[in-house]
Protein chains: 2
Amino acid sequence: MNNKEKLRKAGLRPTKQRMIIADILLDGINRHFTAENLQNEINSSGNSMSIATIYNCLKKFRNCGLIKQVESSKDTAIFDTNINQHHHFLDEETGELIDIENDEVNLRKLPKIPQGYLNNGVEVLIKIKKQI
Amino acid sequence: MNNKEKLRKAGLRPTKQRMIIADILLDGINRHFTAENLQNEINSSGNSMSIATIYNCLKKFRNCGLIKQVESSKDTAIFDTNINQHHHFLDEETGELIDIENDEVNLRKLPKIPQGYLNNGVEVLIKIKKQI
DNA sequence: AAGTAGTTTAGAACGATTTTAAAGTAAATA
DNA sequence: TATTTACTTTAAAATCGTTCTAAACTACTT
Ligand SMILES: [Mn+2]
Ligand SMILES: [Mn+2]
Ligand SMILES: [Zn+2]
Ligand SMILES: [Zn+2]
């Protein structure tokens, strides 16, 4: 499926700007990035785009499930092109995130989901620090 | 150990402002809160404090290990008085966090820590959503 | 008591993100 | 195809959480 079809299937009009972003993000390579990182990639590809449009698109893409947003205590939002359920190593010093594929983690015991709620995904974060 | 001793032990001068915050946060009750939540509690207790001081104190308390900061994709920092290693349920709709004690989770399999790094803590996040 | 280093504060500044509102474009309709 | 409609993009302004500044204040040391 090409990017135009992916956007249509997600219910998004394939505008010029969304296609530029899809060409960068939906190339099958997993990456973690900020809005500013993406703007730099857009510029490097010979295009340009308003930062408002970049935020608009990221929100739409995320709400459609084309990308994810990472849980992070940094003050800049971090997005993730790996939309499979997976986990992360986090170097808190640098903010670097490394993917852990889902089958590399196995839970022996999980707590009972609170009354009235459904399990909507488990994420494991392994904080790491550089050896001294 | 009283709060003045706790602050001294953490290497912090027990100022009037830090004691007010310690009296609220270090009462043994686990809670998740924002800087604004804390300011409201300070006001409710008949005191008042500059928001700059609240941020200063939260940063000091966190860096001394008296409180933790939660990994969250919300744009407001969330702090946690539960400083034990533990896990969370997260209702992404509302942002509500519920503690999961460490012994309620058991990992059968963990990935190899990347070369040159040390494991610095494992956090499990279970996203939940209201049943319809 | 005097000196010093650390702390608090109001207000300014900052940086990330969102809003505004006008112009532009994609899709639907005629 | 031409027209209409709803959606999208944009620059600029606004917003919001947080940090910085610099002057006044306070805790601790000598
Ligand atoms: Mn965050
Ligand atoms: Mn912010
Ligand atoms: Zn990832
Ligand atoms: Zn907690």
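Predicted model: local features only at pLDDT ≥ 70, side-chain atom pairs only at ≥ 80, totals over all residues.
Residues are numbered from 1 along each chain as its sequence is written, chains are lettered from A and ligands numbered from 1 in the order in which they are written. Local features need pLDDT of at least 70, side-chain atom pairs count only at pLDDT 80 or more, totals for chains, interfaces and linings use all residues, and side-chain values use heavy atoms, with hydrogens and water left out.

Chain B can be laid on chain A with an RMSD of 0.1 Å by a turn of 179° and a shift of 0.0 Å along the axis, the superposition being by least squares on the C-alpha atoms of residues with pLDDT of at least 70 in both. This is the relation of a two-fold axis. Of the interface residues of chain B, 100% are also interface residues in chain A, so the copies meet through the same surface.

Donors are N, O and S atoms within 2.8 Å of the metal (3.2 Å for Na, K and Ca); water is not among the atoms, so sites may look incomplete. The pair crosses between chains, and in both chain A and chain B Ser72 is in the loop between strand S2 (68–69) and strand S3 (79–80). Strands are DSSP runs (E, at least two residues), as are helices (H or I, at least four), numbered from the N terminus. Ser72(A) counts as buried at 10% relative accessibility, and Ser72(B) at 9%; buried means under 20% relative accessible area (1.4 Å probe, protein chains only).

The zinc ion (ligand 4) is coordinated at 2.0 to 2.3 Å by His32(B) (NE2), Asp80(B) (OD), His86(B) (NE2), His88(B) (NE2) and Asp99(B) (OD). His86(B) lies in strand S4 (residues 86–91) and Asp99(B) in strand S5 (residues 97–101) of chain B, so this pair ties together parts that are 13 residues apart in sequence. His86(B) is buried, at 3% relative accessibility.

DNA strand D is surrounded by 19 residues, the closest being Thr15(A), Arg18(A), Thr53(A), Tyr55(B) and Ala77(B); a residue is near a strand if one of its heavy atoms lies within 4 Å of it. A polar side-chain atom of Thr15(A) lies 2.5 Å from a phosphate oxygen of DNA strand D.

Definitions and conventions: Buried < 20%, exposed > 50% of the residue type's maximum accessible area, 1.4 Å probe, protein only. Contact = heavy atoms within 4.5 Å. Polar contact = N/O pair within 3.5 Å; in protein donor to acceptor, adjacent residues only side chain to side chain.
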